Amino acid sequence: MNKFVKGIVVFADSNDDNATTFFNKAKSMGINTIFIDTKRLSIDYDIFTDMNSIKFLSSDAKRYSYFVRAVNLVPLNPFAFSNTQKFNEYRNYYSLMFSFLEILRSWNTKVVNPPSTFWCHYFKPYVYVLAKSYGMDIPQTFVTPSFREIYKIYKNYKNSNKKIIFKPIAGGKTVKILDDSNIENFKICGDVYIFQELIHGQNFRVFTLGNEYLCSLALEYDTSKAIDYRDLDPKEVKVKIIEVPDDIKKKSVKLANGIGLYFSGIDFIFNQQGYYFLDINPAPMFVGFEYHSGFPIIEKIIDYLLYC
Ligand SMILES: Nc1ncnc2c1ncn2[C@@H]1O[C@H](COP(=O)(O)OP(=O)(O)OP(=O)(O)O)[C@@H](O)[C@H]1O
Ligand SMILES: [Mg+2]
């Protein structure tokens, strides 16, 4: 262990499976590991800063490395708060959590991943343009709230016998095919969607860690049953380690680093026409991937937090 690192702090919601599995694994390796329930940060934990140092649980916070599983970065919606006091409490909690982790990162403490990177999970149209700027190919993609435009896109695809899918611009719902049964729903819909050509091919996820490519895991399932593997029973999805071209590895690391991610899961789909970028995740799930592929993702993250 790096002589300055006292242990690992896991930052997550207490019921997060990936975080608890990570925590239990680190503990079982004899590593001093602390679990911080993000929702109780301002209530349960002893934090103090004079802007020159941070004291955390009676010791120097810089002496730990931090694994941030997922922080609640859903863009603030003041209308969802029943009263001003609740909204202010949320702002305070958010400021404490964000500042605590970002100050540590600015002092070169390992924070995987810093909260400031979590936007990439929500601002997907921007992420597509960013991925293109790193030389990645993306499926033909349109974003518009205008039903007139959506209908035009749909008609064009239908006339050329091609299929198109839709997914929310901020994620959060599974991916579906646009067809005669749902096109009219967009007339009265307040949500904004990404419309994208349907790519027939092999889905896979690239994991990156630090400045390096970690592995690629293919997801094999029957796409005639569901476009999005999350609509299937996990038992119907097989996970396999695969090799991908060096070019894809390099671009994945560059994109992750460009956003500031030290651990990322990048989704692609490939076929004979090429490799298409779909999504980059700042808090990718890893437990299922590790369990089904045998690739030791958790140990690699722990190594990175303690030694690199
Ligand atoms: N254009 C497409 N063609 C074929 N399959 C697709 C396409 N877009 C998405 N999928 C399938 O749906 C899955 C989820 O897609 P994607 O990650 O882009 O959705 P999302 O809404 O961004 O997800 P999240 O909720 O994780 O943010 C992909 O891994 C892939 O299996
Ligand atoms: Mg996704």
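A residue counts as near a molecule or strand when its C-beta atom, placed from the backbone, lies within 6 Å of it. The model in these views is predicted: local features need pLDDT of at least 70, side-chain atom pairs count only at pLDDT 80 or more, and totals for chains, interfaces and linings use all residues. Residues are numbered from 1 along each chain as its sequence is written, while chains are lettered from A and ligands numbered from 1 in the order in which they are written.

**View 1. The shell around ligand 1.** Here 19 residues surround ligand 1, and the closest are Gly-171, Val-175, Ile-199, Asp-228 and Asp-279. Strand E9 (164–168), strand E15 (263–271) and strand E16 (274–281) each give two or more residues to this shell; strands (E, at least two residues) are DSSP runs, numbered from the N terminus. Sorted by class, the shell has nine nonpolar, five polar and five charged residues. In this sorting, Ala, Val, Leu, Ile, Met, Phe, Trp, Tyr, Cys and Pro count as nonpolar, Asp, Glu, Lys and Arg as charged, and the others, Gly among them, as polar.

**View 2. The domains and the place of the ligand.** The protein chain is assigned domain 1 (7–112), domain 2 (119–137 + 200–306) and domain 3 (148–195), with bounds that come from an automatic or database domain assignment. Where does ligand 1 lie? Domain 2 and domain 3 both give residues to its shell, so ligand 1 lies between them. The centres of domain 1 and domain 3, taken over C-alpha atoms, are separated by 38 Å.

**View 3. The antiparallel sheet with strand E9.** Follow the order E8-E11-E9-E10 to trace this open sheet of four strands, with antiparallel pairing; two strands pair if DSSP finds at least two bridges between them. Strand E8 (141–144) and strand E10 (176–177) stand at the edges with a single partner strand each, so one side of each has no neighbour in the sheet. Five antiparallel bridges join E9 to strand E11 (residues 193–197). Across that pairing, Ile-164 has Glu-197 as its bridge partner, and Lys-167 stands opposite Ile-194. E9 also pairs with E10 over two bridges, where Ile-165 has Ile-177 as its partner.

View 4. Strand E6 (residues 64–68) meets E7 over two parallel bridges, and Phe-67 stands opposite Val-112 in E7. Both residues are among those with the most contacts inside the largest nonpolar core, which has 62 residues. Such a core is a set of buried Ala, Val, Leu, Ile, Met, Phe, Trp, Tyr and Cys residues joined through C-beta atoms within 7 Å. At least three residues of this core come from each of domain 1 and domain 2. Another core, of eight residues, lies apart from it and includes Ile-164, Phe-186, Ile-194 and Phe-195.

**View 5. Tyr-229 in its loop.** Look for Tyr-229 in the loop between strand E13 (212–220) and strand E14 (238–242). Is Tyr-229 buried or partly exposed? With 19 other C-beta atoms within 10 Å, Tyr-229 is partly exposed; a residue is buried at 20 or more such atoms, exposed at 12 or fewer, and partly exposed in between, with C-beta atoms placed from the backbone.
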